[in-house]
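Welcome, and thanks for taking a look at this one.

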Amino acid sequence: MVVKVAINGFGTIGKRVADAVTAQDDMDVVGVTKTRPTIEADLAIDAGYPFYTAIADRKQAFVDAGIEVQGTLDDLLQEADIVIDGSPGKFGQENKDKYAAAGVKGIFQGGEKHDLTGVSFNSLANYSESFGKDMVRVVSCNTTGLCRTLYPVYKEYGIETVYAVMIRRSADPRDSKKGPINAIEPVLKVPSHHGPDVQTCIHDLNIQTMAVKVPTTIMHLHSNIVELKQEVPSEDIVKLWENTPRVKLVDGGKGIASTAQIMEYARDLGRPRSDLNEIAVWREGIHTVGKVLYYYQAIHQESDVVPENIDAIRAMMELEEDNMKSIEKTNNALGIN
Ligand code: NAP
């Protein structure tokens, strides 16, 4: 069976998931949507994706810009088994109603709240909860990063409490209108929403989070302190993460001392768009003192959730019951690890 996937919202996340779907042998993109004839519409056409307008009365704007439009979102839904909703956050409820009316499954992103679907997704932590489900939310880039490193530690050694500080990029690289550009801005809602969001995937994890926005566009950085249920040598945590999919240990000693050098490394790996789908964890920063684990990790916000969207399709469409098999299949197709 080849699953027919629609991409509603061909932006930062949508265009990456579209290419990741195309790289798999058990799913295919049947069309993508946008609301405006910007350059990404041209790129979608050049990539060979059937193009639809997300908003029916915008069709003429595409025609005027010389962009061939196959129809509206409603037409695209007739062609699809499942939709990746890559629209900006908060369109979720409206779009979910449209997908449900068309009898099509929907995957939403981290800009939507858990309540929209009642099921949130991380490939490692709770894949089976999405098996056969109709509406699922893939958690945000930060929550995905926290789940990727914390879940194996939680399973292997047990966790009393996590204290995590998110040092967040202020905007994506193309968002030239957002800031701050010369300030550090604490998120004054304490604790931040990230802790409860992790609990939508790792339900009984005790986690407290705070967040700070800084003037950078290229990655988030997490500074994490974890109280474990037992004493664990640092080397054992290193080994655990060496064997965890979508976690990449990086070395300050080899010149990767900042997020800038991680992104240079991603460029050198030759990944599409210079993406780093894995969570980068500094090897030297992994340190345990008695039962307390300290570590830093960096999140490429535009790309870490992309492989999770692929696994979510497999779970919801019941293509693969075993999360580790889906992770391996996705990773192989995308050249991860
Ligand atoms: P984005 O780059 O702004 O892309 C959004 C896309 O949706 C654009 O192509 C836009 O098209 C289209 N769109 C606008 N209104 C729409 C509508 N009513 N229906 C369908 N499509 C519409 O946003 P993004 O960064 O990809 O974010 C998408 C979701 O992923 C959000 O929930 C976000 O929180 C989440 N997310 C983002 C990141 C990140 O770092 N960017 C990371 C993880 C999760 P036009 O340009 O034509 O208007």
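The domain bounds used here come from an automatic or database domain assignment. Please keep in mind that this is a predicted model. Domain 1 (3-139 + 305-334) and domain 2 (141-299) both give residues to the shell around the ligand, so the ligand lies between them.

**The shell around the ligand**
- The ligand is surrounded by 22 residues, and the closest are Thr-12, Thr-35, Arg-36, Asp-172 and Arg-174.
- By class, this shell holds 11 polar, 6 nonpolar and 5 charged residues.

**Polar contacts and cover**
- The side chain of Thr-35 has an N or O atom 2.5 Å from an oxygen atom of the ligand.
- Phe-10 takes part through its backbone, where an N or O atom lies 3.3 Å from a ligand oxygen atom.
- For Asp-172, an N or O atom in the side chain is 2.6 Å from a nitrogen atom of the ligand.
- On its own the ligand has 890 Å² of accessible area, and the protein covers 84% of that.

**The cavity**
- The count comes to 1 cavity of 30 Å³ or more.
- The largest cavity holds about 30 Å³ of space.
- Its lining is made up of Asn-122, Ser-123, Leu-124, Arg-148, Pro-245, Arg-246, Glu-308 and Ile-327.
- Sorted by class, the lining of the largest cavity has 3 charged, 3 nonpolar and 2 polar residues.
- Why does the largest cavity lie between domain 1 (3-139 + 305-334) and domain 2 (141-299)? Both domains give residues to the lining of this cavity, so it lies between them.

Terms used: Residues numbered from 1 in each chain as written. Predicted model: local features only at pLDDT ≥ 70, side-chain atom pairs only at ≥ 80, totals over all residues. Heavy atoms only, no water. Near = heavy atom within 4 Å. Polar contact = N/O pair within 3.5 Å; in protein donor to acceptor, adjacent residues only side chain to side chain. Areas by Shrake-Rupley, 256 points an atom, 1.4 Å probe, with all protein chains shown as cover. Nonpolar A, V, L, I, M, F, W, Y, C, P; charged D, E, K, R; others polar. 1 Å grid on protein atoms, 1.4 Å probe; cavity = no way out; pocket = protein on both sides within 12 Å on 5 of 7 lines; lining within 4 Å. Points joined across faces, edges and corners; volume = space filled by probe spheres on them.
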